[in-house]
Amino acid sequence: MEQRTLGSHGLRVSALGLGCMGMSQSYGPADEQESVATIHRALDLGVTFLDTADMYGPFTNERLVGRAIAGQRDEVVLATKFGNERREDGSWVGVNGRPDYVRRACDASLQRLGVDHIDLYYQHRVDRSVPVEETWGAMGELVEAGKVLHLGISEAAPATIRRANAVHPVAALQSEYSLFTRDPEGEVLATVRELGIGFVAYSPLGRGFLSGRLSGSSPDEFADDDFRRDHPRFEGENLASNLALVERVRRVADEKGVTPAQLAIAWLLAQGDDVVPIPGTKRRRYLEENVGALELRLGPDDLAAIDEVVPRDAVAGARYTPTHMARVNA
């Protein structure tokens with residue numbers, strides 16, 4: 001498995017990671033046995049960069065990942081997050097960046113994961129009511145205590161990234177990035193590259209669009225607990241327009257002898273050696289398909305052709321609801 005470096009302090013990860021959120025929430029019914037088997041298969045294939053968060057479930061995803069990696073901790077680069085505070089019943093509290101909460105959240109994650117340290121600990125969302133310097137001061141203390149090895153931040157604005165990095169080196173920015181979400185291109189990517197920060201791309205398959213497996217023209221095809229039923233990009237005319245884009249991607253993929261998912265992941269891998277996609281799945285067969293993207297090398301002509309097929313602003317609909325959009329780019 002190809003390795004890539006996040007940040008300037010030696011954090012080496014597999015070129016492709018595994019997003020574990022969908023094993024516990026947001027994408028329909030959970031199947032714990034298959035999810036654990038998927039994590040084990042990922043490790044077998046060299047996909048050792050695992051991504052979770054305390055809010056996923058909530059809390060159940062960290063426990064699942066912890067059970068799956070028991071006895072194999074040394075094989076894993078483990079990333080988790082704090083900052084989106086939820087209660088055990090799943091209800092929402094708010095974005096929390098207070099130093100006392102940072103410490104409590106880290107200790108709770110360590111316990112749920114069953115580990116003595118976290119390799120990469122992210123501030124999941126920036127608390128606009130707390131100076132980021134205060135949050136990152138507490139995060140730096142976790143590194144000094146040996147509870148955390150590297151620090152990251154998610155969905156942060158360039159100015160916030162700079163302020164956090166001035167307190168403690170930022171190893172990685174995690175934000176949504178795909179053929180369907182090109183928001184980081186420009187100032188965000190320029191900022192992290194200037195500062196020597198890696199980029200971890202979540203939702204590299206556009207919430208499933210770029211898997212090429214969405215068959216219907218209505219969100220009713222999703223399970224009742226699938227958040228895409230209320231997602232702007234899956235509504236009405238937006239959905240029809242976006243599915244038409246997927247068909248254009250499929251035609252390019254067919255010419256290459258690959259799947260749309262593999263083409264989309266290969267496109268991200270080609271954006272720079274500092275970009276690490278973390279496609280999420282809870283099934284081994286989709287994991288294996290995603291890993292196949294590493295065999296596809298795209299040259300400048302390929303990338304230009306793909307950009308022509310899916311122009312930067314071609315996707316219809318916002319990438320989150322207004323409520324969730326208020327929590328990004330902080």
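Q: Which residues form one aromatic cluster with Phe180?
A: This is a predicted model, in which local features need pLDDT of at least 70 and side-chain atom pairs count only at pLDDT 80 or more, while totals for chains, interfaces and linings use all residues. Residues are numbered from 1 along each chain as its sequence is written, and side-chain values use heavy atoms, with hydrogens and water left out. Rings of Phe, Tyr and Trp (its six-membered ring) pair if their centres lie within 6.5 Å, and planes under 30 degrees apart count as stacked, over 60 as edge-to-face and the rest as tilted. On that basis Phe180 belongs to one aromatic cluster together with Phe209, Phe222 and Phe234.

Q: How many aromatic pairs does a search of the whole structure find, and what is the geometry of Tyr177 and Trp267?
A: The search of the whole structure gives 7 aromatic pairs. For Tyr177 and Trp267 the ring centres are 5.7 Å apart and the planes stand at 70 degrees, so this pair is edge-to-face.

Q: Where in the chain do Tyr177 and Trp267 lie, and how many residues apart are they?
A: Helices (H or I, at least four residues) and strands (E, at least two) are DSSP runs, numbered from the N terminus. Tyr177 is in the loop between β10 (172–176) and α6 (187–195), whereas Trp267 is in helix α8 (residues 260–269). The pair therefore links distant parts of the chain, with a separation of 90 residues.

Q: What kind of aromatic pair do Phe180 and Phe209 form, and are both buried or exposed?
A: Phe180 and Phe209 are 5.4 Å apart centre to centre, with 45 degrees between the planes, which is a tilted pair. Phe180 is in the loop between β10 and α6, and Phe209 is in the loop between β11 (198–202) and α7 (236–256), 29 residues apart. With buried meaning under 20% relative accessible area, exposed over 50% and partly exposed in between (1.4 Å probe, protein chains only), both Phe180 and Phe209 are buried.

Q: Which ring does the charged end of Arg327 sit over?
A: A charge sits over a ring if NZ of Lys or CZ of Arg is within 6 Å of the ring centre and within 35 degrees of the ring normal. Arg213 lies in this way over the face of Tyr286, at 3.7 Å from the ring centre. For Arg327 the distance is 4.1 Å, and the ring is that of Trp92.

Q: Which strands stand at the edges of the open sheet of 8 strands?
A: Two strands pair if DSSP finds at least two bridges between them. The open sheet has the order β3-β4-β5-β8-β9-β10-β11-β12, with parallel pairing. Each edge strand has a single partner, so one side of it is left without a neighbour in the sheet, and these strands are β3 (18–19) and β12 (275–277).

Q: What is the bridge partner of Leu18 in β4?
A: β3 and strand β4 (residues 49–51) run parallel and are joined by 2 bridges. In β4, the bridge partner of Leu18 is Leu50.

Q: Which residues does Asp127 touch, not counting residues up to four places away in sequence?
A: Asp127 is found in the loop between β8 (118–123) and α4 (132–144), and its relative accessible area is 6%, so Asp127 is buried. Asp127 and Arg98 are 29 residues apart in sequence and 8.1 Å apart in space, C-alpha to C-alpha. With contact meaning heavy atoms within 4.5 Å, Asp127 touches Val95, Asn96, Gly97 and Arg98.
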